[in-house]
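Hello,

I am passing on the structure we talked about. Please open it and keep it beside you while you read the notes below.

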Amino acid sequence: MPDPAPASASASAPVPIPASAPRVLVASDLDRTLIYSANALALTGPDAEAPRLLCVEVYGSKPLSYVTETAAGLLTELGGVADFVPTTTRTREQYHRIRLPGPASRYAICANGGHLLVDGVSDPDWHAGVTERLARECAPLDEVRTHMAAVADPAWVRKQRVAEDLFVYFVVERDLLPGEWVKELAVWAEQRGWTVSVQGRKIYAVPKPLTKSAAMREVARRTGATLTLAAGDSLLDADLLLAADRGWRPGHGELAEAGWTAQGITALPERGVIAGERILREFLDGVRVRVQAR
């Protein structure tokens, strides 16, 4: 009996991405978008069916953040066909703890756009331009930090931090946090050119001009990218998603809780670490679409 023709199977196989294809810029948030702490994994199936995990961050000699092994392979593939730009609110020190699979990224965006890293080093001209704009357009950081400390209750505040002399965040006990406190702080901050975001146990106050999108546009300019793809889960990622040609958000996080969406944004149903896999598949599909459209 002759072997069955493989035509139907090959028709549904992924389109290979040639090395000569036009480069696409992929800017993605990290925490709770691509990488996940143990508390954020959201594994809901039987333990015996849970995905194998790869640790990508160690802190205090203990594992802290993970991706699935499948996501690790997808990330490695993505790094070979696109300009992958990690895009995070983390400080530079916090970012450098992460060891992502795949080729090293030439560019990374830290401190919510306050630092543009080139081969791991902050671009001084970019940072100087950001700080000058903040000084012109926003209330001083010390004013915001002092106000937050004055109106917060030590009963539910665990840590107070200033990040890179750019923004403020508090680590809190969410169960004890009064429901109206964040709303009142957001109104106060809005009047002073700042925005407030709640991500897990952290409450951020960030100057409005301090954006991931501005840094992403700069990287796109430098690389000559003509297509930008992005993903993120928090309010601080909204400008990044809107600035990209296409964007994705997972089924968890601040944006999902608010039901936020916009044109060109896909709201995914997946939650937790499995959402990271789905986002990477979407990125790779986006690159393939560009190749097919050539």
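Which residue forms a salt bridge with R32? The partner is D233, and the closest N and O atoms of the two are 3.9 Å apart. A salt bridge here is a side-chain nitrogen of Lys or Arg within 4 Å of a carboxyl oxygen of Asp or Glu. R32 sits in the loop between β1 (25-28) and β2 (36-37), and D233 in the loop between β13 (228-231) and α8 (238-243), so the pair ties together parts that are 201 residues apart in sequence. Helices (H or I, at least four residues) and strands (E, at least two) are DSSP runs, numbered from the N terminus.

Before going on, note that this is a predicted model: local features need pLDDT of at least 70, side-chain atom pairs count only at pLDDT 80 or more, and totals for chains, interfaces and linings use all residues. Residues are numbered from 1 along each chain as its sequence is written, and side-chain values use heavy atoms, with hydrogens and water left out.

The two partners can also be described by accessibility. R32 is partly exposed, with a relative accessible area of 30%, while D233 is buried at 4%. Buried means under 20% relative accessible area, exposed over 50%, and partly exposed in between (1.4 Å probe, protein chains only).

Other salt bridges

Over the whole structure, the search finds 25 salt bridges. Side chains of opposite charge can pair when their charged atoms come close. One of the pairs is K212 with D237, where the closest N and O atoms are 2.5 Å apart. K212 belongs to helix α7 (residues 212-223) and D237 to the loop between β13 and α8, so this pair links distant parts of the chain, 25 residues apart. Both K212 and D237 are buried.

E282 and R278 also meet in a salt bridge, at 2.7 Å from N to O. Both lie in helix α10 (residues 273-292), four residues apart, about one turn of the helix. E282 is buried, with a relative accessible area of 14%, and R278 is partly exposed at 27%.

A strand pair

Strand β6 (residues 107-110) is covered on both faces: Y107 and I109 on one side, A108 and C110 on the other, are all buried. β6 pairs with strand β7 (residues 115-118) in the antiparallel sense over four bridges; two strands pair if DSSP finds at least two bridges between them. Y107 has V118 as its bridge partner in β7. Four residues lie between the strands of this hairpin, in which A111 takes a positive phi near 55°.

Regards
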